[in-house]
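Me: I would like a close look at one part of this model. Please take the surroundings before the part itself.

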Amino acid sequence: MRKTNYSIEATAREEAIQKDHDAAIRRQTVEQYLLNDLAEDERTYFEKHYFECTECADAVAAGQMFVKHIRPATPPKDLGAGILRLTLTV
Ligand SMILES: [Zn+2]
């Protein structure tokens, strides 16, 4: 079967997306994106990528969900007294 120009272009596009994806994985771009640790041009380039890449889009969404629901760990108010009581009874 002969490839049409459209299918050749589509294949080239998929290969470019895969190449960008491999680079994003290698450079941990999702993590850097979530930490707001990318330069403006890198951020813009990655945003264009993840709109075309379901794997990166899913990773960004999962990371944003995780960050949204994470709470800072605060020790209970009476933790110090509890530790002191344990120390005195041992
Ligand atoms: Zn990707």
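What share of the 90 residues in the protein do buried residues make up? With that settled, look closely at the largest nonpolar core: which residues form it?

Reply: First, the ground rules. This is a predicted model, where local features need pLDDT of at least 70, side-chain atom pairs count only at pLDDT 80 or more, and totals for chains, interfaces and linings use all residues. Residues are numbered from 1 along each chain as its sequence is written.

Buried residues make up 8% of the 90 residues in the protein. Buried here takes 20 or more other C-beta atoms within 10 Å of the residue's own; exposed takes 12 or fewer, and partly exposed lies in between, with C-beta atoms placed from the backbone.

Next, the overall layout. The protein has five helices and zero strands. Both are DSSP runs numbered from the N terminus: helices are H or I with at least four residues, strands are E with at least two. In sequence order the pattern is α-α-α-α-α. The radius of gyration is 23 Å, well over the 12 Å that the globule rule gives for 90 residues, so the protein is more spread out than a compact globule. That radius is taken over C-alpha atoms, and the rule is 2.2 Å times the number of residues to the power 0.38. The C-alpha trace spans about 85 × 30 × 20 Å along its principal axes.

Now the core. The largest nonpolar core has six residues: A24, V30, Y33, F46, Y50 and C56. Such a core is a set of buried Ala, Val, Leu, Ile, Met, Phe, Trp, Tyr and Cys residues joined through C-beta atoms within 7 Å. As background, nonpolar side chains in soluble globular proteins tend to be buried together.

Take Y50. Beyond its neighbours within four places in sequence, Y50 is in contact with C56, A57 and V60. Contact means that the two C-beta atoms, placed from the backbone, lie within 7 Å.

The expected span is 1.5 Å times one less than the number of residues. Of the 22 residues in α1, one is buried, so α1 lies largely in the open. Helix α4 (residues 54–69) has end C-alpha atoms 22 Å apart, which agrees with the 22 Å its 16 residues should span. α4 is hardly covered, with one buried residue among its 16.

Q28 sits in the loop between α1 and α2. Its phi is positive, near 55°, in a residue other than glycine. Q28 is exposed, with 11 other C-beta atoms within 10 Å. N36 lies in the loop between α2 and α3. Phi of N36 is also positive, near 55°. N36 is exposed, with 7 other C-beta atoms within 10 Å.
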